[in-house]
Amino acid sequence: MNATKHKGLALLILAVSQLVMALDYTIIFVAMPSLGSDLGFSANHLQWVVSAYSLAFGGFLLIGGRLSDLMGRRRMFIIAMALFGLGSLMGGLAESQLMLIAARGLQGLGGALLSPATLSLIMSNFNEGPERNRAMGIWASMGGVGMSLGLLLGGALTSYVGWEATFLVNVPISLLAVILAPFVLTESKAPAGAKHYDAAGTLSVTAGLLSVVYYLIQAPVEGWVSASVLPFALTGVLLLAAFIAIEKRTKEPLISFRMFRGRNLTGAALTAFLFSASFGSLYYFLTLYTQDVLHYSAIQSGFSFLPLTLSAFVGAKLINTMLAKVGVAGTIAAGMGLGAAGFLMLTGLSASGSAWSIIPGTVIIGIGQALVFTTMFIAGSAGIEPNEQGIASALISTGQQIGGAIGLAVIMAIISASLGTGSTLEHLQPAALNSAIHTAFLISAATTLLGILVAFLALKQPKPKLDEIKVTAAH
């Protein structure tokens, strides 16, 4: 186990990397109208400022996880942060639509390589038990902070500096992380000699995921059975089926299906899927509520998310206690249950309300979000060989990415069917939009209930003994 003397600084770098990725997810939303106007984006093309990032991130996660295991987690962290910083610099300097979309794709590629490397470095730099759980709690809470801060910072930077600043703000952070990483992070990777990259499996799964993610991005716009997108879905499914066949025959597969014999990894990936399909939709619909129903400015809307951010910190501090008392399954079930309660509370929001009415529901959701997000990665890492931690983390993150895309698509399809109209949510009258947002929160609440079921069926295990946790913490 790692004996680095710089664990505090190591945790800071890893937590900040998570903060930057989460911040980048929401900071772009409030900047899009301004950059769209400056660069002449049409309404159809503007969505690719978001979609290019999602496509690259979702498509390259698995290969990012495997490269992390084989090349070294610290080395991949440095490469990923450099790519992310370069993409951010390109975005801030972009003077054309093509350059900006390419920059977002490069940011997504950096994120796909960074996410599994970061999680694996937490596993290798912090001792199993309370030390690692605490580190993961801080890392996870940065996700909530980044999403909330992104809305606030995006509004402030766009209003007072310019949309370019929403990209350039990442550059010094990325540069600092690249400089410090070699000194404060301990390297870990697969044993020497295990350097087979499984080219056929890598190509098939990456192309398959890219096709499926592209379909999920474009289908709500073009139509689920449109001739322009359906071939991508079919191609993606065929490529993923070919990937499974390849992995069963190759000597050193990209993903060893032996990893799924234990229920924890499968359960964690399913939990990640349901978590992102429910909790992941909150920011989109609450932003619609504050800006299009209450007509708040971008900065006011960002401030309305601060209680959610603070409650996520509270949830992170409860994780060790929860794990000791009710175990992994109980902690995830409790978090999902809190999410269900919070979403149901948000269905009471009024079209003539205020930000104060948001606070009770979002505070409860924030605590639940921290419990689930952190614990699902703890669960997924249990019983996984050290040389497979990167790919395990990538599998969970892939479940999260696909869950977010499918979850939002399902919610939008149900809302569209209930409206019986082709109108977009942004063009609805406040009362009708408020009703549609209520529907979204009801669906999210139902999804979290499925998460409780998955937790007890797939992750059920004896809770750890308190004395064992204390012994682990003393190492």
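The legends below describe close-up views of a predicted model.

**View 1. Helices H12 and H17 pack against each other in the predicted model**. Helix H12 covers residues 282-293 and helix H17 covers residues 430-458, and their axes lie 10 Å apart at an angle of about 165°. Because angles over 145 degrees count as roughly antiparallel, H12 is described as roughly antiparallel to H17. The crossing of these two helices, H12 and H17, is left-handed. On the H12 side the contact is made by Leu282, Phe285, Leu286, Leu288, Tyr289, Asp292 and Val293, while on the H17 side it is made by Pro430, Leu433, Asn434, Ile437, Ala440 and Phe441. Sorted by class, the residues in this contact of H12 with H17 are eleven nonpolar, one polar and one charged.

**View 2. Phenylalanine 285 is a buried residue of helix H12**. Phenylalanine 285 has a relative accessible area of 0%, and it is therefore counted as buried, since that term is used for values under 20%. Between phenylalanine 285 and asparagine 434 there are 149 residues of separation in sequence, yet from C-alpha to C-alpha the two are 9.5 Å apart in space. Both Phe285 of H12 and Asn434 of H17 are among the residues that make the contact between the two helices.

**View 3. Helices H9 and H10 cross in a roughly antiparallel arrangement**. Helix H9 is formed by residues 199-222 and helix H10 by residues 230-249, and their axes come within 7 Å of each other while crossing at roughly 155°. The crossing in which H9 passes H10 is left-handed. From H9, the residues making the contact include Ala200, Gly201, Ser204, Val205 and Tyr215, and from H10 they include Leu230, Phe232, Ala233, Phe243 and Glu247. By class, the contact of H9 with H10 is made up of 15 nonpolar, six polar and one charged residues.

**View 4. Glutamine 107 is a buried residue of helix H5**. Helix H5 runs over residues 97-125 and includes glutamine 107, whose relative accessibility is 0%, so that this residue counts as buried. The side chain of glutamine 107 is joined to the side chain of aspartate 24 by a polar contact of 3.5 Å. When neighbours within four places in sequence are left aside, the residues in contact with glutamine 107 are Asp24, Tyr53, Phe84, Gly87, Ser88, Phe167 and Asn170.

Key: Residues are numbered from 1 along each chain as its sequence is written. This is a predicted model: local features need pLDDT of at least 70, side-chain atom pairs count only at pLDDT 80 or more; totals for chains, interfaces and linings use all residues. Side-chain values use heavy atoms; hydrogens and water are left out. Axes are lines fitted to C-alpha atoms, for helices over the stretch in contact, and angles run from 0 to 180 degrees between N-to-C directions. Helices (H or I, at least four residues) and strands (E, at least two) are DSSP runs, numbered from the N terminus. Angles under 35 degrees count as roughly parallel, over 145 as roughly antiparallel, 65 to 115 as roughly perpendicular and the rest as oblique. A crossing is left-handed if the near helix is turned anticlockwise from the far one by less than a right angle, and right-handed if clockwise. Contact means heavy atoms within 4.5 Å. Ala, Val, Leu, Ile, Met, Phe, Trp, Tyr, Cys and Pro count as nonpolar, Asp, Glu, Lys and Arg as charged, and the others, Gly among them, as polar. Buried means under 20% relative accessible area, exposed over 50%, partly exposed in between (1.4 Å probe, protein chains only). A polar contact is a pair of N or O atoms within 3.5 Å; within protein, one must be able to donate a hydrogen and the other to accept it, and residues adjacent in sequence count only if both atoms are side-chain atoms.
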